[in-house]
Amino acid sequence: QVQLVESGGGLVQAGGSLRLSCAASGSIFRINSMGWYRQTPGKQRELVAAVARDGSTNYADSVKGRFTISRDSAENTVYLQMNSLKPEDTAVYSCNVGLQRSGYKTSYWGRGTQVTVSA
């Protein structure tokens with residue numbers, strides 16, 4: 001089993017910053033990717049940012065230049081630094097970790113953390 005512990009969500013005014021973190025523990029053989037997704041009521045979950053094993057990153061167009069994803073491979077932790085937050089960034093942010101098992105791939109989700117940006 002794999003456990004993901006997220007932290008860092010909260011309430012912030014527009015223009016402010018928050019830093020999310022997600023620590024993975026348990027039966028981890030090899031992490032292929034770590035990322036953050038977000039979802040608001042009535043909408044599909046969308047990718048915010050992800051970092052692959054080789055360090056390459058991928059961002060949603062709406063957050064490019066404002067959010068930065070990083071990872072601590074030794075601690076199996078991924079961070080999302082969110083700057084210049086906008087009310088439309090309000091959502092539940094969930095961590096996802098993609099793992100390589102023996103012969104197959106799988107992924108795990110965190111419970112999610114609420115980010116609320118007030119105007």
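A: Start with a definition: a residue is buried under 20% relative accessible area, exposed over 50%, and partly exposed in between. Asparagine 76 has a relative accessible area of 22%, so asparagine 76 is partly exposed. Keep in mind that this is a predicted model.

Q: Where does asparagine 76 lie?
A: Asparagine 76 sits in the loop between β7 and β8. Its backbone has a phi near 50°, which is a positive value in a residue other than glycine.

Q: How do I read serine 84, and is serine 84 buried, partly exposed or exposed?
A: Use the cut-offs already given. Serine 84 has a relative accessible area of 39%, so serine 84 is partly exposed. Serine 84 lies in the loop between β8 and β9, and its phi is near 50°, a positive value in a residue other than glycine.

Q: What secondary structure does the chain have?
A: Strands are read as runs numbered from the N terminus. In this chain there are zero helices and 11 strands. Read from the N terminus, the order of elements is β-β-β-β-β-β-β-β-β-β-β.

Q: How do I judge the overall size of the chain?
A: The radius of gyration is compared with a rule for globules. For 119 residues, a compact globule would have a radius of gyration near 14 Å, and the chain agrees because its own value is 14 Å. Along the principal axes, the C-alpha atoms fill a box of roughly 50 × 25 × 25 Å.

Q: Which residues have the most contacts inside the largest nonpolar core?
A: The largest one here has 29 residues, and Trp36, Leu80, Met82 and Tyr93 have the most contacts inside it. Several elements give two or more residues to this core, among them β1 (2-7), β3 (18-26) and β9 (91-100). The most comes from β9, with five residues.

Q: How do I read the contacts of leucine 80?
A: Contact means heavy atoms within 4.5 Å. With neighbours within four places in sequence left aside, leucine 80 is in contact with residues including Leu18, Trp36, Val48, Phe67, Ile69 and Tyr93.

Q: Leucine 18 is in that list. Is leucine 18 buried or exposed?
A: Leucine 18 is placed in strand β3. Its relative accessibility is 14%, so leucine 18 counts as buried. Not counting residues up to four places away in sequence, leucine 18 touches residues including Gly8, Val12, Leu80, Met82 and Val115.

Q: What does serine 118 touch?
A: Serine 118 is in strand β11. Leaving out residues up to four places away in sequence, serine 118 touches Leu11, Val12, Gln13, Ala14 and Pro87. With a relative accessible area of 25%, serine 118 is partly exposed.

Q: What share of the contacts joins residues at least 24 apart in sequence?
A: Among contacts between residues at least 6 apart in sequence, that share is 54%.

Methods: Residues are numbered from 1 along each chain as its sequence is written. This is a predicted model: local features need pLDDT of at least 70, side-chain atom pairs count only at pLDDT 80 or more; totals for chains, interfaces and linings use all residues. Side-chain values use heavy atoms; hydrogens and water are left out. Helices (H or I, at least four residues) and strands (E, at least two) are DSSP runs, numbered from the N terminus. The radius of gyration is taken over C-alpha atoms; the globule rule is 2.2 Å times the number of residues to the power 0.38. A nonpolar core is a set of buried Ala, Val, Leu, Ile, Met, Phe, Trp, Tyr and Cys residues joined through side-chain atoms within 4.5 Å. Buried means under 20% relative accessible area, exposed over 50%, partly exposed in between (1.4 Å probe, protein chains only).
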